[in-house]
Amino acid sequence: MLPERFLKKMKLLLQDEADEFFAVYKEEKTNGLRANPLKISPDSWAKTAPFSLTPVPFCPTGFYYEPDEQPGKHPHHAAGLYYIQEPSAMAVAEALGPAPGEAVLDLCAAPGGKTTQLGAMMENKGLLVANEIHPKRVKALAENVERLGLTNIVVVNETPEALAERFPGFFDKILVDAPCSGEGMFRKEKEAASFWSQAYVEECAARQRRILQSAYAMLKEGGILVYSTCTFSPEENEQTIEWLLETYDDLRMVPIEKTGGMESGRPEWTKTNRAELEHAARLWPHRVKGEGHFIAKLQKQRPTSLWNGRWAKANAPKAAVRLYRQFEQEALRTERDGTFVSFGAHLTMLPERCPDLSGLKTVRAGLHLGEVKKARFEPNHSLALALRTEEARYVLDLASTSGEIVRYWRGETLSTDGDRGWLLVAVDGYPFAWGKEVKGTVKNFYPKGLRLL
């Protein structure tokens, strides 16, 4: 049931097209997934996928799948070949368009759909800071980053204000996918409608403005800011951007290409009828195959002083690095170069040009290589998922249709006729997990918390 006041408000805003808009609430929601180009090309994925897929017009890696299919239960999902994502949400990262080597911030990042899309667009090069203020939600964000094999991401659990103090004028590109009243998700998430009130819309708009102040402070001169919400309300969309343009007169709106049924923003819904609001994009559920979204893109013109913070330095004990190198020689065909840091017994490799993270609540920093246990190195699940199969010396490749992969996913051991030590367990040729083969038994190293129940 849609709230009565919401119905009235949308009838007033949409007038002639209101009936068409409300008709979508009687239809099935659309389902989407996004192929992970770090592991598989979208074209070959579309040909080989075990689901019937059709392309999402505004996202080159996005596909619709049929409502009766369950891609989340397939081992390819656990191997990070794709991310299940609401189709309209895929347009946001495309609007930001980060390039490999840039410094990028996703300020409100959980659960990680847009973060993982940005990281893949950056080809794992450069730095992507993914921040989430809620401690519970940040855990899901870190897990999704790991599953998709991303190595250039630092996941932090901070307030926007704390980050703004630390990183003034630091980032080339910033995404603010702001917490909002969620009107665009009423069809997909019925409980979102029960929270809705006009007072909540106003409360969200005030919070969005505070977040945008922090984002502006962290943007370099010439830097790009993309603001998005999954709501229809002008207060949180056009009027929030109107406020932003009035507060920072050096910000210029950048036109967003409208494809696949996307429409322009509505200047008539601002208080001052600002014409440039038509550069923003609206995704309406009666115009695109997807839920409701708003996207605005802005560029900062004002000069910013050079960031003068400290860069991260390697601090890992030599013994830990030596044990990792030994593991690399025994189990891998590649050598990784970068900044080794340790968090207790855990060894991590930071993204390139990573700032000093001391004092920040860092949940994950770059690639978690593994852990030193009693003078031996045990590789982490993240390292398995960040590899390509050909980078491992020994591979046990299981078919996605086999009972063996299901047993391994559940945490069971497998029988072989070898004794090769660490090996990469793969599914259909894609890295899945670590195993340790000792005298014909593959000991299971699939993480307990991710196992199939």
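Predicted model: local features only at pLDDT ≥ 70, side-chain atom pairs only at ≥ 80, totals over all residues.
Student: What makes the protein as compact as a globular protein of its length?

Tutor: The protein has 14 helices and 23 strands. Its radius of gyration is 23 Å, close to the 22 Å that the globule rule gives for 453 residues, so the protein is as compact as a globular protein of that length. Along its principal axes, the C-alpha trace spans about 75 × 55 × 35 Å.

Student: What share of the residues is called buried, and on what basis?

Tutor: A residue is called buried when its relative accessible area is under 20%. Of the 453 residues in the protein, 58% are buried. The accessible surface of the protein comes to about 19600 Å², and carbon and sulfur atoms hold 50% of that surface.

Student: How much of the contact set joins residues 24 or more positions apart?

Tutor: A contact requires heavy atoms within 4.5 Å. Among contacts in the protein with a separation of 6 or more, 72% are between residues 24 or more positions apart.

Student: How does the span of helix H7 compare with the expected value?

Tutor: The expected span is 1.5 Å times one less than the number of residues, and therefore rests on residue count. Helix H7, residues 135-147, has 13 residues, for which 18 Å is expected; its first and last C-alpha atoms are 19 Å apart, close to that value.

Student: Which residues of H7 are buried, and what follows the helix?

Tutor: Val138, Leu141, Ala142, Asn144, Val145, Glu146 and Arg147 are buried in H7. The helix is followed by Gly149, which has a positive phi, near 70°.

How values were computed
Residues numbered from 1 in each chain as written. Heavy atoms only, no water. Helix = DSSP H or I, 4+ residues; strand = E, 2+ residues; numbered from the N terminus. Rg over C-alpha atoms; globule rule 2.2 N^0.38 Å. Buried < 20%, exposed > 50% of the residue type's maximum accessible area, 1.4 Å probe, protein only. Areas by Shrake-Rupley, 256 points an atom, 1.4 Å probe, with all protein chains shown as cover.
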